[in-house]
Amino acid sequence: MPGTRRRPLWWAVLTGVTVVSISTVSPVELTVAGLAALAGAFAARRMRPAGGVRVTGFRHAARAALALPYGLARGLAVLVSSVAARPAEATVRWVRLRPGADAAWAGTLIAASPDTCVIGIPGDDVVLVHALRPDAGPVEAAVAGTDGRR
C-alpha cells in the first residue's frame with residue numbers, strides 16, 4: 001500500500017512533539033502520547049486524499065518565503081499603527097498571481113502577514129485579499145509582481 005512507510009514517521013514526529021511538551025514523562029503519559037499520535041498520524045494520512053489537495057506551482061515560492069520575515073515585521077507595524085490610529089486605508093483587492101505561482105501556497109504566505117487576510121481563492125491564479133494598507137506588502141509583491149492595486 002503506498003504511503004505505509006510514512007505512517008511511522010508521522011507517528012514518531014507527533015509523539016516527539018507531545019513528549020517534548022510534557023515536563024516529566026510517566027509511562028502513562030508516554031502511552032497516551034503514543035496512542036494520540038498514532039490516531040493523529042492515521043487521520044493525517046486519510047485527510048489528504050479525502051480533500052483532494054495538490055500543491056503545485058512553486059516557481060516563486062523561494063522569493064516569497066525570503067520576503068516573509070520582512071513582511072511579518074512590516075505587517076505587525078501596520079497592524080499596531082492601525083489599531084492606534086484607525087486609518088481608513090484598509091482595502092479589499094484581487095491579487096493576480098504570476099504564472100507558475102499556485103494560489104494555495106501563495107495565499108498562505110500572503111495571509112501570514114498580520115495586516116493581511118486572504119478572504120477568498122476563487123481560482124488557481126488569483127486570491128482575494130483584505131489588507132490594512134493600500135499598497136502590496138513584500139510577500140504579495142513577490143508572488144504578484146505588481147504594486148498590488150486592483
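Contact here means heavy atoms within 4.5 Å. Buried means under 20% relative accessible area.

**Figure 1. Overview of the predicted chain.** This is a predicted model. Its secondary structure comes to 5 helices and 3 strands. Along the sequence, the elements follow the pattern α-α-α-β-α-β-β-α. The chain has 150 residues, and buried residues make up 31% of them. Among contacts with a separation of 6 or more, 69% join residues 24 or more positions apart.

**Figure 2. Confidence along the chain.** The average pLDDT of the chain is 78. A score of at least 70 is reached by 83% of the residues. Strand S3 has the highest confidence, at 90. Helix H1, residues 6-21, has the lowest, at a mean of 73. Where pLDDT is low, the predicted coordinates should not be read in detail.

Figure 3. Helix H4 spans residues 103-111. At the start of H4, look for Asp102. A side-chain oxygen of Asp102 reaches to within 3.1 Å of the backbone nitrogen of Ala104.

**Figure 4. Val143, a buried residue of helix H5.** Val143 lies in helix H5. Its relative accessible area is 0%, so Val143 counts as buried. Leaving aside neighbours within four places in sequence, Val143 is in contact with Ala64, Leu97, Arg98, Ala101, Trp105, Ala106 and Ile110. Pro99 sits 44 residues from Val143 along the chain. The C-alpha atoms of Val143 and Pro99 are separated by 9.1 Å.

**Figure 5. Glu140 and its partner Arg93.** Glu140 is found in helix H5. Glu140 has a relative accessible area of 2%, which means that this charged residue is buried. Its side chain makes a polar contact with the side chain of Arg93. The distance is 2.9 Å. Glu140 also belongs to the lining of the largest cavity.

Figure 6. Rolling a probe the size of a water molecule over the atoms shows where empty space is left. A search of the whole structure finds 1 cavity of 30 Å³ or more. The largest cavity holds about 60 Å³ of space. Its lining is made up of Gly71, Leu109, Ile110, Ser113, Thr116, Arg133, Gly137, Pro138, Val139 and Glu140. H4 and H5 are the elements that give two or more residues to this lining. H5 gives the most, with 3 residues. By class, the lining has 4 nonpolar, 4 polar and 2 charged residues.

Figure 7. Ser113 is placed in the loop between H4 and S2. Its relative accessible area is 9%, so Ser113 is buried. Beyond its neighbours within four places in sequence, Ser113 is in contact with Gly71, Leu72 and Gly75. Ser113 and Gly71 both line the largest cavity.

**Figure 8. Ala65 on helix H3.** Ala65 is found in helix H3. At 39% relative accessibility, Ala65 counts as partly exposed. Ala65 and Ile110 are 45 residues apart along the chain. Their C-alpha atoms are separated by 9.9 Å.

**Figure 9. Glu29 on helix H2.** Helix H2, residues 27-51, contains Glu29. Glu29 is partly exposed, with a relative accessible area of 34%. Not counting residues up to four places away in sequence, Glu29 touches Ile22 and Thr24. Thr18 is 11 residues from Glu29 in sequence. From C-alpha to C-alpha, Glu29 and Thr18 are 9.4 Å apart in space.

Conventions
Residues numbered from 1 in each chain as written. Predicted model: local features only at pLDDT ≥ 70, side-chain atom pairs only at ≥ 80, totals over all residues. Heavy atoms only, no water. Buried < 20%, exposed > 50% of the residue type's maximum accessible area, 1.4 Å probe, protein only. Helix = DSSP H or I, 4+ residues; strand = E, 2+ residues; numbered from the N terminus. Polar contact = N/O pair within 3.5 Å; in protein donor to acceptor, adjacent residues only side chain to side chain. 1 Å grid on protein atoms, 1.4 Å probe; cavity = no way out; pocket = protein on both sides within 12 Å on 5 of 7 lines; lining within 4 Å. Points joined across faces, edges and corners; volume = space filled by probe spheres on them. pLDDT = per-residue confidence, 0-100.
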